[in-house]
Amino acid sequence: MMEFLAVLALSLLLAALLALLFAAVSRKISGTEHPDQNRPRTAAAPPEESSVKAPSSKKLKQQQRKEKLQQHTFSHPLLASSLKSHSGSVTCLDFSSNGKYLASCADDRTVRIWSTKDFLDRDHKCLRANIELDHATLVRFSPDSRAFITWLANGETIRIFKMTKKEDGTFSFKAAPEDFPQRHKGIVINIGIAETGKFIMTASVDTTILIWDLKGEVLASINTNQMTNSYAAVSPCGRFVASCGFTPDVKVWEVCFAKTGEFKEVTRAFDLKGHSAGVYSFDFSNDSRRMATVSKDGTWKLWDTDVEYKKQQDPYLLRTVPCRVSEGSRIALSPDGRAVAVSSGRDVAVYSAVSGQLEEEFHSVHSEDITDLRFDVNNRFLVCSGDRAVRVFHNVTGYRAAVQDMQALLKKAANDGVRQRLQQQLLDAQKALDALLSAQKS
């Protein structure tokens with residue numbers, strides 16, 4: 001009996017040992033197939049996929065931040081400066097009529113006001129006006145240079161900002177209490193204010209131009225009948241509104257007011273006919289007596305628009321010059337009518353308006369296609385935008401033409417006082433030109 005009990009106890013012990021051994025082997029196999037199940041949760045490393053993703057995300061953010069800070073590099077002997085305060089792409093530029101300021105707007109929800117006297121300095125400070133809950137695609141100074149108007153991308157309307165000068169010489173900016181009402185159905189391509197201060201113009205791609213008073217009331221609507229509008233502008237004299245588009249001509253209207261200042265009507269003034277394809281853009285000289293146009297046909301043209309259209313006089317075509325163009329090419333005519341600049345993609349070409357000769361070329365000025373191109377009111381600089389920077393060039397072509405004009409006038413001068421004044425002006429202009437040319441050679 002005792003022997004039986006001993007055998008039974010031994011059997012039970014062996015069975016228990018076998019059970020424990022089986023359980024241990026089972027746990028080992030289970031641990032091999034699912035290694036992270038037996039690890040404590042507090043000390044567990046994240047899954048392999050997550051551990052790789054976290055550093056990649058961090059590196060990606062660092063790379064994006066680095067790319068954001070990097071600017072497209074560009075250099076040229078005639079580059080006066082690069083204005084680089086915007087964090088978004090600059091879409092529009094405008095000089096104040098007094099020549100003191102340049103306004104730029106970008107999709108970073110700001111409008112920047114730059115002082116033109118700082119263009120040649122090493123540092124370029126600017127004043128910032130914030131566009132609340134929106135961003136401006138277009139900006140234009142008021143005739144008195146004490147306000148500016150913007151076109152809002154999301155609001156699709158005009159917003160006016162008043163500039164108030166502070167004691168330290170800077171400005172504060174205050175938006176008008178109400179924006180203009182929404183009236184356009186198509187994308188707005190340009191806005192403008194008449195130098196007379198009597199009206200504001202807005203133009204959209206759907207052949208519509210609206211004439212507004214300064215309080216936001218629509219005075220007139222113009223249908224350009226050009227299938228699509230590519231550009232529109234107010235003449236510097238404040239009398240005319242012009243547009244171009246799919247058709248190979250530029251149409252010009254006069255906005256008429258009574259002597260009492262009341263709006264009368266918009267009448268057709270004249271057309272610029274001569275291109276064989278659609279016109280991309282145009283520009284006026286400061287006295288509105290000259291216009292320059294650039295077309296899909298691969299030419300730019302210079303026109304004499306100092307005509308009496310009411311007597312059926314047509315503008316005179318002065319010059320046709322072949323040039324490189326691309327979709328959205330811009331043209332700028334210097335205020336004195338001596339220089340013409342044409343953009344094609346990211347490049348700019350500068351011509352003499354007197355001879356039509358190509359004098360300067362700037363390649364890959366921006367990292368994106370050029371969005372705006374303008375001469376300053378004093379004919380000293382040419383500015384353009386296309387990415388986050390604004391490039392400022394010396395207008396050497398204008399200096400050359402000015403020297404040539406002064407030399408011609410000096411030969412004809414009969415009065416000693418006039419001759420002495422011309423000689424001094426010629427000397428100053430020649431010195432400025434020589435300094436720029438020597439810098440370009442070096």
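**Note on the predicted model: cores, sheet, helices and aromatic pairs**

1. Of the 27 residues that make up the largest nonpolar core, the ones touching the most other members are Val-111, Ile-113, Val-139, Phe-141, Phe-148 and Ile-191. A nonpolar core here is a set of buried Ala, Val, Leu, Ile, Met, Phe, Trp, Tyr and Cys residues joined through side-chain atoms within 4.5 Å, and buried means under 20% relative accessible area, exposed over 50%, and partly exposed in between, with a 1.4 Å probe and protein chains only. At least two residues of this core come from each of strand E3 (101–106), strand E4 (110–115), E6, strand E7 (147–152), strand E8 (158–165), strand E10 (188–193) and strand E12 (208–212). Helices (H or I, at least four residues) and strands (E, at least two) are DSSP runs, numbered from the N terminus.

2. Some remarks on the basis of the values belong here. This is a predicted model, in which local features need pLDDT of at least 70 and side-chain atom pairs count only at pLDDT 80 or more, whereas totals for chains, interfaces and linings use all residues. Residues are numbered from 1 along each chain as its sequence is written, and side-chain values use heavy atoms, with hydrogens and water left out.

3. Apart from neighbours within four places in sequence, Val-139 is in contact (heavy atoms within 4.5 Å) with Cys-92, Asp-94, Ala-103, Ser-104, Cys-105, Val-111, Phe-148, Ile-149, Thr-150 and Ile-191. There is also a second, separate core of 24 residues, which includes Ala-339, Val-348, Val-365 and Phe-393. As general background, nonpolar side chains tend to be buried together in soluble globular proteins.

4. Which strands form the open sheet of 4 strands, and in what order? The order is E1-E28-E27-E26, and the pairing is antiparallel, where two strands count as paired if DSSP finds at least two bridges between them. Strand E1 (79–83) and strand E26 (372–375) are the edge strands, each pairing on one side only. On average, neighbouring strands of this sheet are turned by 15° against each other, direction ignored; the axes are lines fitted to C-alpha atoms, for helices over the stretch in contact, and angles run from 0 to 180 degrees between N-to-C directions. Within the sheet, strand E27 (residues 381–385) and strand E28 (residues 390–394) pair in the antiparallel sense over 5 bridges, and Cys-384 stands opposite Arg-391 in E28.

5. Helix H3 (residues 396–412) includes Thr-397, which counts as buried because its relative accessibility is 2%. Leaving aside neighbours within four places in sequence, Thr-397 is in contact with Ala-339, Val-350, Tyr-351, Ser-352, Glu-359 and Glu-360. The buried residues of H3 are Val-396, Thr-397, Gly-398, Tyr-399, Ala-401, Ala-402, Val-403 and Met-406. At 1.5 Å a residue the 17 residues of H3 should span 24 Å, which agrees with the 25 Å between its end C-alpha atoms; the expected span is 1.5 Å times one less than the number of residues.

6. Gln-423 is found in helix H4 (residues 416–441), and it counts as partly exposed because its relative accessibility is 41%. Although Gln-423 and Leu-410 are 13 residues apart in sequence, they are 7.2 Å apart in space, C-alpha to C-alpha.

7. The count of aromatic pairs comes to 14, under a rule by which rings of Phe, Tyr and Trp (its six-membered ring) pair if their centres lie within 6.5 Å, with planes under 30 degrees apart counted as stacked, over 60 as edge-to-face and the rest as tilted. The rings of Tyr-231 and Phe-282 have centres 5.1 Å apart and planes at 75°, so this pair is edge-to-face. Because Tyr-231 lies in strand E14 and Phe-282 in strand E18 (residues 279–284), the pair ties together parts that are 51 residues apart in sequence, and both Tyr-231 and Phe-282 are buried.

8. Phe-362 and Phe-393 form a stacked aromatic pair, 4.1 Å centre to centre with 15° between the planes. Phe-362 lies in strand E25 (residues 358–362) and Phe-393 in strand E28, so the pair ties together parts that are 31 residues apart in sequence. Phe-362 counts as buried at 2% relative accessibility, and Phe-393 is buried with a relative accessible area of 0%. Phe-74, Phe-362 and Phe-393 form one aromatic cluster.
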